Amino acid sequence: MPTRPARRPEEVLLRSRTDRRWLPGALAELDRVLVDHAHCEKKAAANALSLLQAYPEVPGLPALMARLAREESAHLARVLQLLDARGLALGRDPGDPYAQGLQRLIRTPAAERRLDRLLVAAIIEARSCERLGLLAEGLEEPGLRRFYAELARSEDGHQRLFLRLAERTAPESALPRLDALLDAEAELLRSLPLRPAIH
Ligand SMILES: [Fe+2]
Ligand SMILES: [Fe+2]
């Protein structure tokens, strides 16, 4: 009897799939994607430390964010090695309209802000997981394929981690709020131009 195909990890969260035109564009301008990817890993590491700084009272959060910052920094170091091998410079971060659009959805009151920051982090990890997985499937070079497959698995773990923390801090409201943010994320993605970038 044939086994069912494994569920794709990003289906845990996301409400829309990436436009099929994204992958060919990304592969055609892989250098730009790699530079953007380095900035993403840098921001993921920085955000983990920022959450640790802001919410030390959440049980388990400080240790989890310390480990996450280390893991994202390791991803960053490996992407920087790839840039180096291709003679690419990191340069300044031009900003990411996708992440900025999600940040604008974060509410102001302290408890809501804490929940939204965790949920937005979960959603960004989920979308990164999807996109890195697409790269893993689309790239030709075996080393790069393995690298992106490994990172996609890692970001899948991160989306789950943030979701657990969100549910721990707001057991009643985490899932309804996630629902609303997922709708908003799908809408945001539809409204943005496709770019040779992770988001
Ligand atoms: Fe990462
Ligand atoms: Fe991550």
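Helices (H or I, at least four residues) and strands (E, at least two) are DSSP runs, numbered from the N terminus. The views show a predicted model, in which local features need pLDDT of at least 70, side-chain atom pairs count only at pLDDT 80 or more, and totals for chains, interfaces and linings use all residues. Residues are numbered from 1 along each chain as its sequence is written.

**View 1. The fold has seven helices and zero strands.** From the N terminus on, the elements run α-α-α-α-α-α-α. The C-alpha trace spans about 45 × 45 × 35 Å along the principal axes of the protein.

**View 2. The largest pocket is lined by 25 residues.** A pocket is an open set of points on a 1 Å grid over the protein atoms alone, where a 1.4 Å probe fits, with protein on both sides within 12 Å along at least five of seven lines, and lining residues have an atom within 4 Å of a point. Closest to the centre of the largest pocket are Cys40, Lys43, Ala44, Asn47 and Ile124. Helices H2 (30-54), H4 (97-103), H5 (110-138) and H6 (142-169) each supply at least two residues of this lining.

**View 3. The second largest pocket is lined by 17 residues.** Asp19, Leu189, Arg190, Leu192 and Leu194 are the closest to the centre of this pocket. Both H4 and helix H7 (174-191) supply at least two residues of the lining, and the largest share, three residues, comes from H7.

How values were computed: Chains lettered and ligands numbered in written order. Heavy atoms only, no water.
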